Amino acid sequence: MLSPVPASLAVVAALASAASAHVAFWHPSMYGFNVTDKTYSYDNRPQVPLYDMTFDQWWFHGHIDHPPNDGDLFDLKAGGTVNTILSCDKGATLYYNSSEGGDVGFGSDSPCPGAPLSAFHTTGEDDVKGCGLAIAYKSDVHDVQPEDFAIFSINQTCVWWQNTSFDVPNLPACPEGGCHCAWFWIHSIDSGAEQIYMNGFKCKVSGDVGSQPIGKPAVPRRCGADPDNGFPDPRPGNCTIGAKQPLYWYQKERNNMPEDTYHAPYYNDLYGFHDGAQNDVFQDGVIASLAGSAPTSAPTTQTIPPAQPTTTAQSSPSQAPQPPAQSPSEAPASPTTTQADPTTPASTQAEPTPSQAPPTTIARVEPTTSNTPEPVPTTTFSVPVASVPTQVAAAVSTSIAIEPVTSSSSSSSSETTPSSTAAATSASVRRCKPRPTNAAAQLNKRKHARHLSGLRHAH
């Protein structure tokens with residue numbers, strides 16, 4: 001058991017911690033393990049917070065040129081639990097021998113022995129906001145980019161204890177040369193300025209390693225209960241599920257969090273990070289409301305080539321997928337329906353099924369097989385657009401009336417025009433037939449003319 005801080009060290013610890021008043025991850029595998037306040041032209045010790053910095057300054061805390069010694073790797077036991085040391089000062093940890101100030105409180109499990117809670121930015125245990133560990137499967141630190149890191153474990157009671165444990169999912173083995181990991185933390189806005197903490201380190205995965213690679217990390221989204229901002233209940237549909245990137249916030253460059261000064265992002269349920277191992281890290285990150293919400297049937301939008309009149313069949317409102325509910329301050333989720341491009345050929349568009357398209361009224365013309373023209377009955381009925389041939393559907397708006405056209409005496413059947421437009425074109429170039437000379441042919445001609453004019457005389 002860890003012993004209380006000796007009284008003789010309490011004052012020293014309090015002074016040292018008050019001067020630091022921040023927290024870092026400490027391990028020989030980290031970049032910048034031996035950086036002091038004199039290494040840079042500014043105080044760039046591992047525990048110094050990061051805010052309003054250029055990418056080179058905040059990425060890996062600007063310590064890429066201070067790598068760990070060869071062979072110093074942080075061991076992650078796949079499916080197990082690892083312990084990390086989080087402290088305001090290396091002198092308060094088991095590594096105090098390499099600290100400039102020596103032992104300033106080793107033996108306490110406080111992250112800042114003898115210092116007030118404000119030294120690690122909290123007003124109490126109920127005010128801590130959690131921290132996380134991330135991994136990137138790249139052995140060359142210069143190849144690692146912010147988008148490569150995936151958070152694989154969260155401890156929501158962080159920072160509160162110096163010895164902080166993290167559960168590790170069944171991660172796969174690292175490539176030759178190891179992986180790169182990082183510790184991330186953002187404290188409560190109730191106790192401190194707008195800033196983030198990041199310490200990178202070399203790591204490896206050992207033990208009963210898994211075989212499934214991690215998914216492509218996506219940007220986390222604010223989705224948990226947020227009563228201070230008008231959302232008393234969680235909004236799980238707005239969460240990012242699967243692999244998630246760390247929270248890059250309040251820097252000059254490469255942020256992925258647009259939140260303002262008073263809406264800090266945290267490594268807890270507010271951003272979809274549950275406590276413990278992130279076992280969904282093996283899936284590509286995606287917004288929950290869109291995961292598996294692709295339509296089971298083809299889109300109900302049909303487009304006819306622009307050379308012809310177009311007919312668009314819309315699905316009924318009850319069948320259209322509904323977008324997820326969202327707050328006005330959040331970016332909308334991607335739409336779940338797609339409108340077809342009118343310039344795209346019909347062959348590339350999905351055909352609507354008969355159950356999806358509204359019926360359209362058209363006229364059907366029955367062919368005649370007699371050489372003698374007879375009145376042609378016209379039947380009106382309703383059919384779905386999807387069952388209409390393309391050349392007919394192209395000319396349909398709401399309803400069409402197709403005039404019957406009789407063939408010459410040498411033809412065995414009559415033909416219908418493919419559309420009203422084609423019919424009009426055909427009529428404009430039609431040639432008159434010779435006037436019949438015998439009485440029977442004249443009678444049939446008059447009967448046919450009366451039928452076309454709508455008269456139904458019986459002779």
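**A tour of the disulfides, cores and salt bridges**

Start by selecting Cys88 and Cys112: the two form a disulfide, with their sulfur atoms 1.5 Å apart (a disulfide here is a pair of cysteine sulfur atoms within 2.5 Å). Keep in mind that this is a predicted model, where local features need pLDDT of at least 70 and side-chain atom pairs count only at pLDDT 80 or more, while totals for chains, interfaces and linings use all residues. Residues are numbered from 1 along each chain as its sequence is written, and side-chain values use heavy atoms, with hydrogens and water left out.

Stay on that first pair. Its link is right-handed, with 40° about the S-S bond. Cys88 and Cys112 both sit in the loop between β3 (81–87) and β4 (131–136), 24 residues apart; strands are DSSP runs of E with at least two residues, helices are runs of H or I with at least four, and both are numbered from the N terminus.

How many disulfides does a search of the whole structure find? It finds five, and counting bonded cysteines along the chain they follow the pattern 1-2, 3-4, 5-6, 7-8, 9-10.

Select Cys174 and Cys179, whose sulfur atoms are 2.0 Å apart in another disulfide. The torsion about their S-S bond is about -115°, so this one is left-handed. Both cysteines are buried.

Then jump to Cys223 and Cys239, joined by a disulfide at 1.9 Å, S to S. Both belong to the loop between β8 (197–206) and β9 (240–241), 16 residues apart. Here the torsion about the S-S bond is about 85°, so the disulfide is right-handed. Cys223 is buried at a relative accessible area of 1%, and Cys239, at 14%, counts as buried too.

**Into the nonpolar cores**

Now show Leu76, Ile135, Leu171, Trp183 and Phe201: these have the most contacts inside the largest nonpolar core, which has 43 residues. A nonpolar core is a set of buried Ala, Val, Leu, Ile, Met, Phe, Trp, Tyr and Cys residues joined through side-chain atoms within 4.5 Å. Elements giving two or more residues to this core include β2 (74–77), β5 (150–155) and β7 (179–185).

Centre on Phe201 and display its surroundings. Leaving out residues up to four places away in sequence, Phe201 touches, among others, Phe25, Met30, Tyr31, Phe74, Leu133, Cys179 and Trp183, a contact being heavy atoms within 4.5 Å.

For the second, separate core, select Leu50, Ala182, Ile196 and Tyr267, which are among its 30 residues.

**Last stop: charged pairs**

A whole-structure search gives eight salt bridges, each a side-chain nitrogen of Lys or Arg within 4 Å of a carboxyl oxygen of Asp or Glu.

Pick Lys252 and Asp52, whose closest N and O atoms are 3.1 Å apart. Lys252 is in the loop between β9 and β10 (276–277) and Asp52 in the loop between β1 and α2 (55–58), so the pair ties together parts 200 residues apart in sequence.

Move on to Glu147 and Arg254, which meet in a salt bridge at 3.4 Å, N to O. Glu147 is partly exposed, at 41% relative accessible area, and Arg254 is also partly exposed, at 34%.

Finish at Lys244 and Asp280, a salt bridge at 3.5 Å, N to O. Are these two buried or exposed? Lys244 is buried, and so is Asp280.

Key
Buried < 20%, exposed > 50% of the residue type's maximum accessible area, 1.4 Å probe, protein only.
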